[in-house]
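Dear colleague,

I am passing on a structure that you have not worked with before, and I would be grateful if you could look through it alongside the notes below.

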Amino acid sequence: MSYEVCAKCGKRLRPGSVKYIISINIIADFDGILPEEVDEREIARLIREAKKMDQETLEREVHQGMVYLLCKPCRDIFAENPLNLSLKSLSMGGNFSGLLQ
Ligand SMILES: [Zn+2]
């Protein structure tokens with residue numbers, strides 16, 4: 001019998017079992033504003049660094065997509081704390097300044 005495997009715990013996920021696809025997209029957010037204190041030498045340095053990077057690394061700096069298959073217990077753990085925040089942060093009532101939705 002073929003089966004899939006939970007990406008986190010390695011549990012076998014038989015056909016028809018409860019499983020979840022976790023899709024993560026990390027996208028560079030540019031608000032169109034360049035800091036005033038960045039001078040031309042700094043910009044030239046950043047361009048030199050970018051030229052040294054390979055295409056794959058440059059693309060990953062702009063967008064990185066990841067997809068994982070998880071069993072229900074691992075999905076529940078992930079959903080509770082997807083950013084792997086400390087217990088101190090979680091005890092603040094779940095209101096995080098960086099939360100967009
Ligand atoms: Zn699992």
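Helices (H or I, at least four residues) and strands (E, at least two) are taken here as DSSP runs, numbered from the N terminus. Please bear in mind that this is a predicted model, in which local features need pLDDT of at least 70 and side-chain atom pairs count only at pLDDT 80 or more, while totals for chains, interfaces and linings use all residues. Residues are numbered from 1 along each chain as its sequence is written.

In those terms, the protein chain has four helices and four strands, and along the sequence they follow the pattern β-β-β-α-α-β-α-α. Of the 101 residues of the protein chain, 4% count as buried, where buried stands for 20 or more other C-beta atoms within 10 Å of a residue's own, exposed for 12 or fewer, and partly exposed for anything in between, with C-beta atoms placed from the backbone. If two residues are said to be in contact when their C-beta atoms, placed from the backbone, lie within 7 Å, then residues 24 or more positions apart account for 71% of the contacts in the protein chain with a separation of 6 or more.

Turning to the strands, β3 (residues 19–27) and β4 (residues 63–71) pair in the antiparallel sense over nine bridges, pairing being assigned if DSSP finds at least two bridges between two strands. Within this arrangement Tyr20 stands opposite Leu70 in β4. Of the nine residues of β3 the number buried is zero, so the strand lies largely in the open. Ile24, which is found in β3, is exposed because it has 11 other C-beta atoms within 10 Å, and its C-alpha atom is separated by 5.1 Å from that of Met66, 42 residues apart along the chain.

As for the helices, α1 (residues 40–52) has 13 residues and reaches 19 Å from its first C-alpha to its last, close to the 18 Å expected at 1.5 Å a residue, the expected span being 1.5 Å times one less than the number of residues. None of the 13 residues of α1 is buried, so this helix lies largely in the open.

Asp76 lies in helix α3 (residues 72–80) and is exposed, with 11 other C-beta atoms within 10 Å; the C-alpha atoms of Asp76 and Tyr20, 56 residues apart along the chain, are separated by 9.9 Å. Finally, Asn84, in the loop between α3 and α4 (87–90), has a phi near 55°, a positive value in a residue other than glycine, and Asn84 counts as exposed because it has 7 C-beta neighbours inside 10 Å.

With kind regards
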